[in-house]
Amino acid sequence: MPDYKNCTITRFPEPVLSKPAQPIEKIDDAIRQLAERMKEIMVETQGVGLAGPQAGVNLQIFVASPDGTKENAKVYINPKIEPDGPMKSVEEGCLSLPGIWGKITRYTRCTVHALDLDGKPFTETAEGILARIFQHEYDHLQGMMIKDRMSIPAKLRARKKLKQLQDDYDEKNPSSQ
Ligand SMILES: [Zn+2]
């Protein structure tokens with residue numbers, strides 16, 4: 001059984017963040033432990049959502065909590081989303097891109113089809129912040145981040161910060177160069 005209890009937050013340019021995540025074949029105690037650890041990381045880093053790759057795990061799972069509390073954090077396994085409604089541009093950040101903010105255009109409504117921790121399928125429709133979290137976390141499962149969705153000027157503004165994150169990573173992982 002893989003041990004997920006010591007997972008930590010991953011940051012750009014950790015390779016797991018830019019790869020599509022794999023579907024979860026079996027929901028067992030290891031996956032339940034992973035979900036628990038992901039909720040903890042989300043609360044520790046003061047986020048409102050966290051996707052598997054952000055815990056260093058290449059699996060299709062995310063947690064979301066519109067108020068950032070562990071009690072209200074819900075788990076979504078192998079999610080599929082159907083965004084809907086008008087689009088809106090709102091400033092977003094990402095736990096894996098510290099210091100980077102940009103206006104991201106997303107749908108204002110979103111339906112998610114997923115499995116819960118007992119493997120039961122469920123459907124949930126959300127608006128506002130939760131709809132935005134669903135789309136943000138689903139992006140992570142496709143290997144996509146806000147830096148890939150920002151406007152050209154926002155990308156230019158983020159360039160220095162991205163370079164700094166890259167340098168920090170290279171320093172900690174000398175063999176990856
Ligand atoms: Zn993110």
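Is Gln-135 buried, exposed or partly exposed, and how many C-beta neighbours does it have inside 10 Å? The views below come from a predicted model.

View 1. Helix H2 covers residues 128-141 and includes Gln-135. Gln-135 has 19 C-beta neighbours inside 10 Å, so it counts as partly exposed. Burial would require 20 or more. Leaving aside residues up to four places away in sequence, Gln-135 touches Ile-81, Pro-83, Arg-106, Tyr-107 and Cys-110. Of these contacts, Ile-81 and Pro-83 fall within strand S3 (74-93). Met-150 lies 15 residues from Gln-135 in sequence. From C-alpha to C-alpha, Gln-135 and Met-150 are 14 Å apart.

**View 2. The five-stranded sheet.** The sheet is open, and its strands follow the order S1-S2-S3-S4-S5. Pairing is antiparallel. Strand S1 (49-51) and strand S5 (121-127) form the edges. Each has a single partner strand, so one side of each lacks a neighbour in the sheet. From one strand to the next, the twist averages 30°.

View 3. Strand S2 spans residues 61-64 and runs antiparallel to S1. Three bridges join the two strands. Leu-50 has Val-63 of S2 as its bridge partner. In general, strands of a sheet pair through backbone hydrogen bonds.

**View 4. Helix H1 across the sheet.** Helix H1 (residues 29-44) lies across S1, S2 and S3. Its direction makes an angle of about 45° with S2. The buried residues of H1 are Ile-31, Leu-34, Ala-35, Arg-37, Met-38, Lys-39 and Met-42. Their cover includes S1, S2 and S3. Residues three or four places apart in an α-helix point the same way, because there are 3.6 residues a turn. Ile-31, Leu-34, Ala-35, Met-38 and Met-42 are among the buried set.

**View 5. The length of H1 and the residue Gln-46.** H1 has 16 residues, which should span 22 Å at 1.5 Å a residue. The end C-alpha atoms of H1 are 22 Å apart, in agreement. Gln-46 follows H1 and has a positive phi, near 60°.

**View 6. Helix H4 and its bend.** Helix H4 (residues 152-172) contains 21 residues. From its first C-alpha to its last, H4 reaches 29 Å, close to the 30 Å expected at 1.5 Å a residue. At Arg-159, H4 bends by about 45°. The number of buried residues in H4 is one of 21, so the helix lies largely in the open.

How values were computed:
Residues are numbered from 1 along each chain as its sequence is written. This is a predicted model: local features need pLDDT of at least 70, side-chain atom pairs count only at pLDDT 80 or more; totals for chains, interfaces and linings use all residues. Two strands pair if DSSP finds at least two bridges between them. Helices (H or I, at least four residues) and strands (E, at least two) are DSSP runs, numbered from the N terminus. Axes are lines fitted to C-alpha atoms, for helices over the stretch in contact, and angles run from 0 to 180 degrees between N-to-C directions. Two residues are in contact if their C-beta atoms, placed from the backbone, lie within 7 Å. A residue is buried if 20 or more other C-beta atoms lie within 10 Å of its own, exposed if 12 or fewer, and partly exposed in between; C-beta atoms are placed from the backbone. The expected span of a helix is 1.5 Å times one less than its number of residues. The bend at a residue is the angle between axes fitted to the seven residues ending there and the seven starting there.
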